[in-house]
Amino acid sequence: MSQDVFMRRARELAERGRYTAAPNPLVGAVVVRDGGIIGEGWHARAGREHAEVVALDAAGSAARGAELFVTLEPCNHQGKTPPCTDAVLRAGIGRVVAGHLDPNPKMRGRSMELLREAGVAVEVLDDGSFARQNEQFLHLMTTGRPFVHLKLASSLDGRISASGGESKWITGEAARRRAHELRAEAGAVLVGAGTARFDDPLLTPRDLPEAAPPVLRVVLDPHLTLSPQSRLVETVGADPVLVFSGEDADAATGRCCAGAAWRS
């Protein structure tokens, strides 16, 4: 099998952490010897073993002299888990191929240099498909700002509701499913008070192949108008709700926020 096949498999494995790996990046890895995969892994959750370690553990002693294909440059610093570069060197890997460099200021190619200095052959593909897979993480690391998706549905004439204010599924089934996927991988889902009042949304990810983790639901509500009978407030025990109000809003007289966190 070719290098492209191994890198494609690593990218597929990385996707398994799509809804659970945050705030860490998506990473997949495969260990290859004599043209065959002998170990594979992905990063499932922050604080758990990184993809490289999982793949190396699966390969065992057969990893010595083998090749490691990984979607992102291995880490070289101590965080919640030990450096992956240490695991690569202990395993005796002979060659490392990475999809792209890690933009984390602690990294940015330093791991590849460390491995090269230790005698490991290294290659960075700098393939845009691997960068796109981690676009949210890359944006945060390079700008210091969160990555924002805007979900907007409108008719061909630019309307978001009928003349009477009714609004019901302008988009099709595929677009609605994609919206739920975006919710599942987001750190928070935010709407304004008007959307919360008129649509009475849940803002939770639903109808996905696997259960999604709880998502923070955020409402910008300057005058605290969100009804305590809204579906957002009634389901606050299952998924958290955060309400941002104006500085002059009176939390004592506002109608909303029973069980929800409140910020002015």
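This is a predicted model: local features need pLDDT of at least 70, side-chain atom pairs count only at pLDDT 80 or more; totals for chains, interfaces and linings use all residues.
UniProt lists residues 1-122 as "domain: CMP/dCMP-type deaminase", in an unreviewed entry.

**The largest nonpolar core.** Next I looked up the core. In soluble globular proteins, nonpolar side chains tend to be buried together. The largest nonpolar core in this model has 26 residues. I noted the members that touch the most others: Val-31, Leu-56, Ala-63, Leu-68, Val-88, Ile-93 and Val-96. At least two core residues come from each of strand 1 (28-33), helix 2 (51-59), strand 3 (67-72), helix 3 (84-91), strand 4 (95-100) and helix 4 (110-117). Which helix gives the most to this core? I found helix 2, with five residues.

**A second core.** I also found a separate core of 14 residues. Among its members are Val-189, Ala-196, Val-236 and Ala-249.

**Val-96.** I went back to this residue and listed its contacts, leaving aside neighbours within four places in sequence. They are Leu-68, Val-70, Pro-74, Val-88, Met-112, Leu-115, Val-120, Ala-121, Val-122 and Glu-123.

**Lys-106.** I located Lys-106 in the loop between strand 4 and helix 4. Why do I call Lys-106 partly exposed? Its relative accessible area is 48%, so it falls between the cut-offs of under 20% for buried and over 50% for exposed. Not counting residues up to four places away in sequence, Lys-106 touches Asn-76 and His-77. Lys-106 and Asn-76 are 30 residues apart in sequence, and I noted 8.1 Å between their C-alpha atoms.

Definitions and conventions. Residues are numbered from 1 along each chain as its sequence is written. Side-chain values use heavy atoms; hydrogens and water are left out. UniProt positions are given in the numbering used here, feature names are shortened, and annotations may be inferred rather than shown by experiment. A nonpolar core is a set of buried Ala, Val, Leu, Ile, Met, Phe, Trp, Tyr and Cys residues joined through side-chain atoms within 4.5 Å. Buried means under 20% relative accessible area, exposed over 50%, partly exposed in between (1.4 Å probe, protein chains only). Helices (H or I, at least four residues) and strands (E, at least two) are DSSP runs, numbered from the N terminus. Contact means heavy atoms within 4.5 Å.
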